[in-house]
Every structure is written in C-alpha cells, then in structure tokens.
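Please keep the sequence and the model in view while reading.

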Amino acid sequence: MFRNIAALIFLLILGACQNQQEGEKATRVESNPKVTPAMEEEEPAIQRIVAFKFKEGATKEAINQHMRYFEALSDSIPQILSYRAGSTFPVDYESTADFDVLHYSTFSSEEDIKIYFEHPAHQRFIKANQAIWDNVTVINARLD
C-alpha cells in the first residue's frame with residue numbers, strides 16, 4: 001500500500017511538472033485527448049488526482065464510458081479549471097501503482113472541490129460507473 005501511495009504522489013508531482021512543461025499535451029485512453037484550459041492565473045491552487053482500478057472483466061466499452069463521462073464533467077462543472085486523463089503502464093525497472101487510469105483536475109480552492117464533489121453531474125458519474133471500479137484513490141495537493 002505504501003508503494004501505491006508513493007507512486008501516486010510521484011505521479012502527482014510528475015503531472016504538475018508536465019502540465020507546466022507540455023501545455024496542452026495529454027495522454028488518454030482514446031486517441032483524441034481533451035485538455036480544458038486552466039484559468040489565467042500564475043499557478044493553479046489545487047491539483048486533484050483520482051486513480052481508478054477497474055474490476056477484472058470490465059469491458060472496454062464500460063471503461064470508455066467511464067472516461068467519456070469523467071471528461072464531460074469539466075464541461076458541466078465550472079469549478080474544474082483544467083482536466084487531463086491517462087492510462088497507467090507498468091515498467092520493468094521500478095514498482096508501479098496498481099491502477100488503470102488517472103484523472104487530473106485543477107481547482108482554485110478546497111470549497112471548489114466540495115462543490116464539484118456534491119455537484120449532480122459528479123454524483124451521476126459515480127452512480128453510472130461505480131459498478132466497474134475495484135479501487136479508487138484520491139489525492140489533493142496544493143501547488144505552491
């Protein structure tokens with residue numbers, strides 16, 4: 001478990017660095033990535049990573065629905081300043097976290113995260129997709 005948490009923290013830092021360095025490049029499960037522009041601020045206040053492990057036997061169609069549905073949240077919830085997503089992959093030279101996809105979102109404040117979490121669109125996403133989730137981990141970090 002410690003390795004999973006350490007790997008997610010590493011991914012958070014890596015994602016924040018890539019977000020600054022790569023601008024609008026994104027890695028996604030499907031070939032057409034969507035990156036929503038961040039608000040015109042020097043530095044976003046909070047980066048949120050949500051990591052999902054899908055249940056064994058989850059269909060590609062169900063996973064793609066999950067990805068499309070999560071992506072659409074950025075169109076429905078104005079508190080999401082930017083959004084990216086990507087599939088994880090193992091490497092042979094280090095231990096990697098046991099998750100399938102990561103969603104990166106940027107928010108201005110903790111209150112905005114609470115609004116997002118309670119938003120009806122987010123609650124519909126949970127109800128529509130939770131049946132295929134084996135594990136979900138959330139990390140929030142202030143970007144100073």
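Two strands pair if DSSP finds at least two bridges between them. Helices (H or I, at least four residues) and strands (E, at least two residues) are themselves DSSP runs, numbered from the N terminus. In strand S3, serine 105 stands opposite arginine 48. The model is a predicted one, in which local features need pLDDT of at least 70 and side-chain atom pairs count only at pLDDT 80 or more, while totals for chains, interfaces and linings use all residues. Residues are numbered from 1 along each chain as its sequence is written, and side-chain values use heavy atoms, with hydrogens and water left out.

**Overall layout**

The chain has four helices and four strands. Along the sequence they follow the pattern α-β-α-β-β-α-α-β. Of the 144 residues of the chain, 40% count as buried; buried means under 20% relative accessible area, exposed means over 50%, and partly exposed lies in between, using a 1.4 Å probe and protein chains only. The chain exposes about 8700 Å², and carbon and sulfur atoms supply 52% of this area. Accessible areas come from the Shrake-Rupley method with a 1.4 Å probe, and for residues only the protein chains shown count as cover.

A contact means heavy atoms within 4.5 Å. Among the contacts in the chain with a separation of 6 or more, residues 24 or more positions apart account for 80%.

**The sheet**

The four strands form an open sheet in the order S2-S3-S1-S4, with antiparallel pairing. S2 and S4 stand at the edges with a single partner strand each, so one side of each has no neighbour in the sheet. From one strand to the next, the twist averages 15 degrees; axes are lines fitted to C-alpha atoms, for helices over the stretch in contact, and angles run from 0 to 180 degrees between N-to-C directions.

S1 and S3 run antiparallel and are joined by seven bridges. S2 and S3 also pair in the antiparallel sense, over six bridges, and glycine 86 stands opposite leucine 102 in S3. Which residues of S2 are buried? Five of its six residues are, so S2 is largely enclosed by the rest of the structure. Helix H3 lies across S1, S3 and S4, and runs at about 35 degrees to S1.

**The nonpolar cores**

A nonpolar core is a set of buried Ala, Val, Leu, Ile, Met, Phe, Trp, Tyr and Cys residues joined through side-chain atoms within 4.5 Å. The largest one has 21 residues, of which Phe52, Phe70 and Leu73 touch the most other members. At least two residues of this core come from each of strand S1 (46–54), helix H2 (60–76), strand S2 (82–87), strand S3 (101–107), helix H3 (110–118) and helix H4 (120–129).

A second, separate core of six residues includes Ala51, Ala97, Phe99 and Tyr104. Alanine 97 is found in the loop between S2 and S3 and is buried, with a relative accessible area of 16%. The C-alpha atoms of alanine 97 and alanine 51 are separated by 9.5 Å, and the two residues are 46 residues apart along the chain.

**Salt bridges**

A salt bridge is a side-chain nitrogen of Lys or Arg within 4 Å of a carboxyl oxygen of Asp or Glu. By this rule the count comes to three.

| Pair | Closest N and O atoms |
|---|---|
| Lysine 53 and aspartate 98 | 3.3 Å |
| Lysine 53 and aspartate 100 | 3.7 Å |
| Glutamate 110 and arginine 142 | 2.2 Å |

Glutamate 110 lies in helix H3 and arginine 142 in strand S4 (residues 133–142), so this pair ties together parts that are 32 residues apart in sequence. Glutamate 110 is exposed, with a relative accessible area of 53%. Salt bridges that share partners join Lys53, Asp98 and Asp100 into one network.
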